[in-house]
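The sequence and the model come first.

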Amino acid sequence: MSLPNATYRLQFRNGMDFEKAVGLIPHLVRLGISHLYASPIFSAVSGSTHGYDIVDFNEIDPTLGGLEGFARLVGELKAHGLGIILDIVPNHMAAHLENSWWHSVVEWGQSSAFAGYFDVDWRQPLTLPFLGASFEEELAAAKIRLAFDRDRNCLAFAYYDALYPLNPASYPAVLEGCSSALNGLVAVANRAESTDAAAFRAGITSAVEMLSVAAALDEHLQRASTDKPFLERLHQMQSWRLTSWKTARDHLSYRRFFEIAGLVGLRVEDPAVFEATHRCVLGLVEAGLVDGLRVDHIDGLADPENYLLRLRERAGAHAYIIVEKILEASEPLPENWPVDGTTGYEFISALADLLTDESSELWSDGHRSATERAVTECKLQLLSHNFNTEVKRLTGLATCLRDDDAPPTDDERMAEAVRRSIAAMPVYRTYLSGRGASERDRQILGEIGSEARAAAPEVGAEIAMIVVRLKSNDGCADRQLAAQFRTRFQQLSGAVMAKAVEDTFFYRRGDFLAANEVGAAADWTPGGVDRFHEKMRERASRSPTGLSATSTHDTKRGEDARARLHVISEAPELWADAVGRWGDMNRAHHQPASKAPEASVEQLLYQSLLGAWPIGSLRDEKELSSLRERMETFAVKALREAKLRTSWDAPDEQYEAAVTGFLHDILGWRNREFLDDFERTAAPFIRAGLINSLSQTLVKLTAPGIPDIYQGSERLDLSLVDPDNRRGYSPHPSLSELPQGPTISDFEDCKQALIGLCLNYRHRATILFAEGEYRPLRVQGPAARHAAAFMRRTENELCITVVPRLVLRHVDAGSLSLPAGLWRDTYLLWPENCETKQLLNLATGGTVESQRRIPMAEIFRGFPVAFLVPG
C-alpha cells in the first residue's frame with residue numbers, strides 16, 4: 001500500500017462540487033498534498049449541507065456531478081499523481097421519503113424487502129416523529145389529508161410537502177364507495193403483494209395513466225379527506241404512526257444516530273445489508289478509482305471489529321482505511337482492527353499539552369473531581385431526557401434477562417441501573433461480542449460496576465446483573481436477547497459520552513475553551529512538553545499511519561482560533577481582569593428581565609470572540625457585522641447544546657434573543673469603548689497565538705502520523721463550530737519561499753508556504769516519515785520551557801523540528817519573530833550516540849554548524865519555527 005503523504009479534507013456541497021474540486025488540484029499539488037480526502041459523495045437528502053444524510057449508497061450525487069463528474073475528478077487527480085480517500089457512512093441513512101429503501105419500509109412495513117436493513121423494533125408500529133404536533137392535533141388543524149403521490153405512484157397521507165405512503169392493504173378502505181372510473185385501481189389494490197412490489201407499482205401506474213381516472217381519484221381523495229374520523233381509523237391501519245417530533249425522546253421504534261430522528265440506524269452487521277450499502281464504493285475501490293476509505297462513527301456499529309474485517313477483506317490490503325474513533329486518555333486503538341489509524345482527534349489533544357502552560361493557575365486541586373461530577377450530571381440528564389427512549393428499550397431487555405430467582409424489581413429501578421451503568425463508563429464503549437470479552441473490557445466492566453453501585457447502592461443488585469450479562473451469556477436462557485442487550489448498551493454508551501462531554505459539558509465550561517475540543521478528556525490538565533513527547537513516542541509505535549488533524553468539520557473551532565486560546569493559560573489573571581472590566585462596560589446591554597447573559601455565558605462569549613477576532617484592526621462596519629452574525633449564530637447553538645436554559649427540543653426564544661441582543665449591542669460599531677479595549681487586550685494573545693499556530697503546523701507536518709489539512713486551513717482558520725467551519729473559501733497562490741523576519745500581516749503566507757515546504761520535503765523523504773524513530777531532544781538554559789524539539793531518524797536520514805511555546809510575554813508588536821534575547825544561554829542539545837551534522841534550516845535557507853550544543857538564537861534566526869535537515 002502506498003501511504004498518503006498528506007491529505008486535504010474537502011467538504012462537498014455548500015457550493016463545492018466535482019468540477020470546482022478539479023480547479024483546486026494545481027493548488028493541492030503546490031502544497032504537496034498526496035490525497036484528496038472527500039466528505040460523503042453519495043446521494044443525500046435534497047439540500048443537504050453535509051452529505052451524511054444519505055438516501056442512496058449506490059448513486060454518486062448528481063448535484064455534485066454524478067459518476068461522470070466524479071470520474072473526471074479522479075482522472076485529473078491521477079494525472080497529477082494524487083489519490084482520493086472517501087468518507088463512508090455505514091452506521092445510518094436518512095429516515096426520509098427520498099430514501100427508496102425507507103419509503104418501501106414505510107409503505108410495506110415488516111413485509112418490505114428492506115425491513116431488515118434498518119435497526120427497527122418491529123414489536124410495535126414504526127414511529128415517524130416528524131409532525132409539529134400530535135397526529136390528532138394536526139388532523140384537526142386540517143394539515144393532514146389524503147393524496148396521490150405522482151412521483152412514487154402510491155396513495156399517501158400528505159403533510160405539507162411530505163407524502164407518507166399508505167400500506168397497500170389499506171387501499172380498499174380508502175377506495176370504498178369510489179366511482180366506477182376507479183375500478184381498475186381497486187382491482188390492482190386487491191392484488192397487492194409485497195413480494196412483487198414492482199408489479200404492484202406498475203399496475204397502479206397503468207390504472208391512473210388516463211387523465212379522467214387521475215381526476216376521479218383526486219376528487220375521491222379530496223372528499224375522503226374531509227372525514228376526519230375515517231382518517232384516524234386509516235392511520236391506525238398503517239404499519240407506522242405519525243407522531244410529534246417531540247415524542248422521539250420518549251418513544252421511538254428505531255435506532256437513530258445520536259438524537260437525530262432523521263437518521264435511522266443500519267444493520268450493517270447483516271452481510272446482505274453490508275453488500276447493499278457498500279456495492280458502489282467497493283466497486284470504486286476495486287476499479288482503482290478510490291485509494292482509501294474513512295469510516296464514519298465506527299462506535300455506532302453493532303460489531304466494529306467484524307465490520308472492519310469484512311471491509312478490509314473486500315477493499316484489499318492496498319486500501320488505506322481509517323476510522324473516526326474518539327480515544328480517551330491512554331486508550332489504545334483495538335489491536336485487532338485491520339485499519340491504518342484514526343482520523344486524528346487524539347493528535348489535537350497532544351498539541352494541547354504542548355501549547356498550554358502546565359504551571360497555569362487555571363487548574364485547581366479540585367478540578368478533576370468537580371469535572372467528574374459535572375460530566376456525570378450531564379450524562380444522567382441526557383439519559384433521563386434526550387436518550388430516554390433508548391433507556392426504555394434497554395430496560396425492557398434487561399428486565400427480560402433477570403434470573404428467575406433474582407430479587408423483585410420494577411422498571412424504574414432497572415432504568416436507573418441502566419442509566420448509572422452507562423454514566424460510569426470511562427470510555428466511549430466496550431467491544432464485547434459473541435467472541436467474548438477482552439481483558440481490557442472485563443476491567444472496564446468491573447470499574448463501572450463498582451462506580452455505579454457506589455453512586456446508586458439502592459439499585460446495586462440490578463447494576464450487578466447488568467454487568468454480568470454484559471460480560472457473558474453463560475447461564476442466560478435467551479442468548480439472542482442477551483446479545484441484543486449487549487449490542488444496544490454499547491451503541492448507546494458511545495452516543496451518551498459524545499453528547500454529554502462534547503455537546504453539553506464543553507458548552508457549559510467557559511474558563512478555557514482551548515481544552516473543549518472533540519476527543520479531549522473532560523478532566524484534562526496540561527502535561528507539558530514531557531507528556532507531549534510521551535504521546536508522540538506512543539504514536540510512532542502504535543499509530544504511525546493515522547491522520548494528524550488540527551481542524552476538521554467536527555472540531556469546535558478552527559485550529560488558529562484554538563492556538564490563540566491556548567495563550568490564556570499563560571496569563572489567566574490578565575484575561576480574568578479583562579473579562580471583569582468588559583462585564584462592567586457592557587452591563588447596560590444585559591437584559592434584566594431575562595437575567596441574560598449569565599456570567600458563565602458572558603465568559604464563553606468573550607473567549608469565543610477572541611478566537612474569531614481578525615488579526616488586524618477591524619476594517620469597517622461591514623466586517624464587524626459579519627463577525628456579529630457569526631457570533632450570534634454560534635451563541636444560539638452553544639446555549640442549546642448546554643441544555644441549561646434552552647435546548648434544541650425546548651427552545652427558550654426569549655432567552656436566546658436576550659443573549660443575541662447582548663451580542664448585537666456590544667458588537668455595534670458605535671460601542672467604541674468596548675471594541676477598542678477588546679482589540680488592545682486581544683492583541684498580545686493574537687500575536688502569541690499566531691506563533692502557536694506556526695508551531696502546531698510544523699509539528700503536525702513532521703511528527704508521527706499523516707498530516708491532514710482541512711479546507712482553507714492552510715491559511716488562517718478562525719472558524720467557529722459548524723456550520724461556520726463549512727463556509728466556502730478560495731485558494732491563494734503560495735509564496736516560493738518563506739518571508740524572513742515576518743510581520744503579523746505575513747502570517748497567512750508564512751503558514752501556507754511552511755506547509756508547502758515541509759510536505760514537498762516529505763515527498764523526498766518518505767521512509768524517514770513513515771518509519772523514522774521519534775526522539776525527543778533536550779533544550780537547556782533559562783528559556784528551556786519556551787521551546788520543544790524532536791528528531792525523526794532512520795539509519796540513513798534525520799530531520800529536526802524546533803518550535804517555540806508559551807511566548808505571550810515575549811512577542812513584539814507587529815512581528816512574528818521572537819527577540820533573540822529570549823534565547824540567551826539557551827541551547828538545543830545534540831543527542832548522545834548520534835554523530836553531529838551540519839544542518840540546513842529549510843525555513844530560512846541558513847546553515848547551523850555541527851556542534852553538540854546549538855544556540856537557540858541561531859536556530860530561530862529569521863523565522864519563528866525551524867525545520868532542520870542535513871545540509
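Rings of Phe, Tyr and Trp (its six-membered ring) pair if their centres lie within 6.5 Å; planes under 30 degrees apart count as stacked, over 60 as edge-to-face and the rest as tilted. By this criterion a search of the whole structure gives 33 aromatic pairs. The model is predicted, so local features need pLDDT of at least 70 and side-chain atom pairs count only at pLDDT 80 or more, while totals for chains, interfaces and linings use all residues. Residues are numbered from 1 along each chain as its sequence is written, and side-chain values use heavy atoms, with hydrogens and water left out.

**Aromatic pairs**

The ring centres of tryptophan 363 and phenylalanine 512 are 5.4 Å apart and the planes stand at 80°, so this pair is edge-to-face. Tryptophan 363 belongs to the loop between α12 (345-355) and α13 (367-384) and phenylalanine 512 to the loop between α18 (479-508) and α19 (528-542), so the pair ties together parts 149 residues apart in sequence. Helices (H or I, at least four residues) and strands (E, at least two) are DSSP runs, numbered from the N terminus.

Tryptophan 823 and phenylalanine 860 make a tilted pair, 5.0 Å centre to centre with 40° between the planes. Tryptophan 823 is in the loop between β22 (798-804) and β23 (827-829), and phenylalanine 860 is in the loop between α28 (856-859) and β27 (866-870), 37 residues apart. Both tryptophan 823 and phenylalanine 860 are buried; buried means under 20% relative accessible area, exposed over 50%, and partly exposed in between (1.4 Å probe, protein chains only).

**Packing of α22 and α25**

Helix α22 (residues 599-612) packs on helix α25 (residues 672-702) at an angle of about 65°, with the axes 10 Å apart. Axes are lines fitted to C-alpha atoms, for helices over the stretch in contact, and angles run from 0 to 180 degrees between N-to-C directions. The contact (heavy atoms within 4.5 Å) involves Tyr606, Leu609 and Leu610 of α22 with Phe674, Phe678, Ala682, Phe685 and Ile686 of α25.

One aromatic cluster consists of Trp575, Trp582, Tyr606, Trp613, Phe674, Phe678 and Phe685. Threonine 681 is also placed in α25. Leaving out residues up to four places away in sequence, threonine 681 touches Ala578, Arg581 and Trp582.

**Relative accessibility of selected residues**

| Residue | Relative accessible area | Class |
|---|---|---|
| Tryptophan 363 | 16% | buried |
| Phenylalanine 512 | 3% | buried |
| Threonine 681 | 12% | buried |
| Aspartate 717 | 8% | buried |
| Lysine 595 | 67% | exposed |
| Leucine 806 | 2% | buried |

**Loops and backbone**

Aspartate 717 lies in the loop between β18 (706-710) and α26 (747-764). Beyond its neighbours within four places in sequence, aspartate 717 contacts Ser551, Gly558, Glu559, Asp560 and Ala561. The C-alpha atoms of aspartate 717 and arginine 562 are separated by 9.3 Å, although these residues are 155 residues apart along the chain. The loop between β18 and α26 also holds proline 723, which is joined to aspartate 722 by a cis peptide bond with omega of about 10°.

Another cis peptide bond links alanine 596 and proline 597, with omega about -5°. Proline 597 is in the loop between α21 (572-585) and α22, and lysine 595 lies in that loop too. Phi of lysine 595 is near 50°, a positive value in a residue other than glycine. Leucine 806, in the loop between β22 and β23, likewise has a positive phi near 50°.
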